[in-house]
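Dear colleague,

I am passing on the structure below, together with some notes on its aromatic side chains. Please read the notes with the structure open beside them.

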Amino acid sequence: MKTLVEIKFDNSKHNEYYLYNGKKKIFEFGLPLSDFISVNIKERYNNIIESSSNIDKDLESLFETRDTFICNLFYGADYKRLLQDSSLNCKEKERKINTLLDDIAKKQLTFSTIIDFSFLYNIDKHKYNRMIDKFIFVCNKLNYPIRQPIYTYSTSNIDIKDVINIKDVDFEILDKEYLDFKIKNRVLNHYDGIASYSCENIDEFFAICMITIYSENYIISKCQNCNKYFVPYRKNDAIYCDRISPQKDNKTCKEYASKRPKGVLELYRKIYMKKFARVNRNKDNYTLKNEFDTWKSQVEKLKAEYSSGTLSADDFEKWLIENGK
């Protein structure tokens, strides 16, 4: 089913405006695309089936969170139609829904592979023209359609027999092929910065987003805290995004990471001094002192295990966070 969507990019405010079915949504630049690639919609679906106490309601709202906006935009109507189809028995319905969710996962894999090769693999983040070249090259190698007419580019020099399987991408080999291709075919790619578009499907949406990212000299990065994609439009060398952090729901990844101790031993010292100061302020509170002594005994044992290599930094950090209050 086709969904006509109008997208406008306001570069002065770093916002994206989506108009569809008489509705309007506003997002920070790059967020809808990066959320779509990062969200694991099938895992959420399976969690609802396995553990929800209100399955019908939760299934109906599966695509209604902020990070599933693009899923809902291009797949939501088909998903709801399957949910409401009374002609299907439970097994048939579940099979068809899983097929739809698998299609979403395949599209996410395609987009993330293109982005990883274009922006994150072996690349100088300031050579935007090379990124555009790599984007077009890998799209053609994956037999992925570039639907927007802005790029004047000929694919005749790429043998269709050389199209690669999305699951077998070797970036090092692909990069060598790209460089060989550029040496043999010196093509000048022309592109213009255009702020408003219309699209009918998710492939056109992806091309529109990528064109805008390139035309504005932005990049796509991965947050070093939550590991999700984001567009650092304020600073190209930003390493943390502005999403709510997975560790604390009242801080963004950027806020959380800026105050996070560097290394597990620093975290240990920070928690130790916090607990010590609390006991020192409440010298008559013997319950607090006993709790601190118990914690200290446990943490010293774990610290020794960490130092000897029998306990991983991740496990030690997890215990400290869980027992650091």
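Two rings of Phe, Tyr or Trp are taken as a pair if their centres lie within 6.5 Å. Please keep in mind that this is a predicted model. Ring pairs join Tyr18, Tyr20, Phe27, Phe69, Phe74 and Phe205 into a cluster, and by the rule on ring centres the count comes to 17 aromatic pairs.

One of these pairs is formed by phenylalanine 29 and tyrosine 218, whose ring centres are 4.9 Å apart with the planes at 50°, and because planes under 30 degrees apart count as stacked and those over 60 as edge-to-face, this pair is tilted. Phenylalanine 29 sits in the loop between β3 (23-28) and α1 (31-38), while tyrosine 218 sits in the loop between α8 (202-215) and β5 (221-222), so that the pair links distant parts of the chain, 189 residues apart. Both residues are buried, since buried means under 20% relative accessible area: phenylalanine 29 has a relative accessibility of 5%, and tyrosine 218 has a relative accessible area of 7%.

A second pair that I would point out is that of phenylalanine 111 and phenylalanine 206, which is stacked, with 3.9 Å from centre to centre and 5° between the planes. Because phenylalanine 111 belongs to helix α5 (residues 90-120) and phenylalanine 206 to helix α8, this pair ties together parts that are 95 residues apart in sequence. Phenylalanine 111 counts as buried at 0% relative accessibility, and phenylalanine 206 likewise counts as buried at 0%.

Methods
Residues are numbered from 1 along each chain as its sequence is written. This is a predicted model: local features need pLDDT of at least 70, side-chain atom pairs count only at pLDDT 80 or more; totals for chains, interfaces and linings use all residues. Side-chain values use heavy atoms; hydrogens and water are left out. Rings of Phe, Tyr and Trp (its six-membered ring) pair if their centres lie within 6.5 Å; planes under 30 degrees apart count as stacked, over 60 as edge-to-face and the rest as tilted. Helices (H or I, at least four residues) and strands (E, at least two) are DSSP runs, numbered from the N terminus. Buried means under 20% relative accessible area, exposed over 50%, partly exposed in between (1.4 Å probe, protein chains only).
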